Structures are given as structure tokens and as C-alpha cells.
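Here is a friendly tour of one protein model, written for someone who likes cut-offs spelled out. Please have your viewer ready.

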Amino acid sequence: MTAWPASLRSARPPHKPAGTAPQGLGATARKDDWWSSPLGVGFWLAVLVLYSVFSALLWQPLFGAPYEAGPYLSPFLLPFFRDLGLPFGVSPAIVTLWIPVGFRITCYYFRKAYYRAYLADPPACAVGEPTIHRGYRLETALPFILQNLHRLFLYLALVLLTIHWVEVIATYFHDGGFRVGLGSVILLVDTVLLTLYVSSCHSLRHIVGGKLDCFSCSRVNRTRHSAWRRLSGLNQRHMVYAWASLVSIVVADLYIHLLGLGVLSDPQIRF
Ligand code: FES
């Protein structure tokens, strides 16, 4: 093994500390069903992610299920790219899908969820993990250092969220009059939940209130403090918003596909 020069030794990325849990996968003194939570999280996360990938990239090209119906467009697509005409029938969702995918993969909550469920890192509190993890360089080396891109994905997610709001509002004014359709309501609920998810982001909370030595020393700092406190309140429910917004986007997308296939009709009121 190559010895590091003394001058660089302190700069070496750390290995994962041993911690206080028993060593070895699943080793624990816990008597409860500690495995049920990572099992459930892993199962439902896989179901929702697989559906999303299938629906956004494959359902229309392979099986002809339309991405849009009436005034509604699948939340996996952006309006500017819906008619892109990519070669080999590639779905236009591919142009932007990497943004929400990257945002959720690097999300602090989802990191915890899939580290536990899929990497057993660790499987649960006070439960041992595979000893191979001792060589793990934390998030200071590839590939996990890429988790630090979360803030950049946040900026892009804020742009997508703004576009979603414009789209949702437009569904209420389709055909020149004001209307409320079940699809509009489903999309509105989805967009509100996405807004709560993004607003409760740990990284956003740090952008708004971080790197300040004094909250009360200027009007700008007091305003930032007030915003930071509000975001901190939302942040306590970040996990709830993460799941709720993931479920709601799947429900909204499924509803629009079923409308497009003629399986459902969209009840609506016109004013
Ligand atoms: Fe979860 Fe930023 S920490 S979205």
C-alpha cells in the first residue's frame, strides 16, 4: 500500500468511523422489528421510482399511452419539449427528467432512506453494517462526493417548480373560460406538495439563514432570520413532504395517462 507523504496525510479523506453499533451486517441487541422500516421504505421507493421511469420514458414510446390529455400535461414533461421529435421515439421527458431525479437522489432525506434500505449503511440505528463499509470514504470521494451537487439541483428544481405553477394555473383557464376539472385539482395538490418539499429543503434553509454571525444586526439579516425560522418549521416535516410529493406526482401522471387512454373522463365545472 502506498504511504502518503506526511504533508498530505492530514488532507486524506477520512474513512468511515467504526461507531458504537455492533460490527457486522444485522448485528444488534435490538429486540424490535428494526428491519421493517428499511424494508418498507426500500419497497415503496422502488415501486414509485420504477413507475416514474417507466411512465416518463417508456409508456408512450412502447405502448402509445399519451403524455397529455385535454389541458393536462404529465408533470414529467415540460411544455416546451413536448413536441421535440427525438429520434428512435425517445421520450421528450429525458430532456429534463435528470433534474428532479438528481434533486431527489441527492436530497438529504432520500440519502438516508436509500443508504439504509439498499446499502445497509447502516440498516437502522444501533444495527451493524457490512464490515466492507470500513473502507468507505464518506461523501469525500467518488461516487458519493457527487451528493454535494444538491444545491445546484435545488436551483434547477426551483425553475421547474415555477414552470409547474404556470402550467397548473393555465389548466383553470383552458378554452377561454374559468373551469375546475378533477385533473386541475390533482395537479394543484401535486404542485403544492412539490412546493412544500422544495421549500423544506435543508439546502434552501442554509442558503436563506446560513453563514450569518448575527441575525439581529441589520434589517436584511432580520428578514433572513424570519424566513429561516419559517423554513425551519417546514424542514421538520421534510420527510413527509418528500414522500407525499413523490406519491402525488405519480398519481397526477397516472391520472393524465388514463385520461389520454380513454379509461377515465375528467369531471369538471365551468363558470
Ligand atoms: Fe431534501 Fe434538499 S434536502 S430536497
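This is a predicted model: local features need pLDDT of at least 70, side-chain atom pairs count only at pLDDT 80 or more; totals for chains, interfaces and linings use all residues.

Residues are numbered from 1 along each chain as its sequence is written.

**Nonpolar core**
- The largest nonpolar core holds 27 residues, and Tyr72, Leu77, Ala252 and Ile256 have the most contacts inside it.
- Such a core is a set of buried Ala, Val, Leu, Ile, Met, Phe, Trp, Tyr and Cys residues joined through C-beta atoms within 7 Å.
- At least two residues of this core come from each of strand 2 (72–73), helix 5 (150–171), helix 6 (182–199) and helix 9 (238–260); helices (H or I, at least four residues) and strands (E, at least two) are DSSP runs numbered from the N terminus.
- Helix 9 gives the most, with eight residues.
- Beyond its neighbours within four places in sequence, Ala252 is in contact (C-beta atoms, placed from the backbone, within 7 Å) with Pro75, Ile186, Leu187 and Asp190.

**Leucine 194**
- Leu194 lies in helix 6.
- Leu194 counts as buried because it has 24 C-beta neighbours inside 10 Å, where buried takes 20 or more other C-beta atoms within 10 Å, exposed 12 or fewer, and partly exposed is in between.
- Leu194 and Leu161 are 33 residues apart in sequence and 7.5 Å apart in space, C-alpha to C-alpha.
- Leaving aside neighbours within four places in sequence, Leu194 is in contact with Leu161, His164 and Ser245.

**Helix pair**
- The axes (lines fitted to C-alpha atoms over the stretch in contact, with angles from 0 to 180 degrees between N-to-C directions) of helix 2 (residues 36–63) and helix 9 come within 10 Å and cross at roughly 35°.
- Leu48, Tyr51, Ser52, Ser55 and Trp59 of helix 2 make the contact with Leu246, Val247, Val250, Asp253 and His257 of helix 9.

Definitions and conventions: Two residues are in contact if their C-beta atoms, placed from the backbone, lie within 7 Å.
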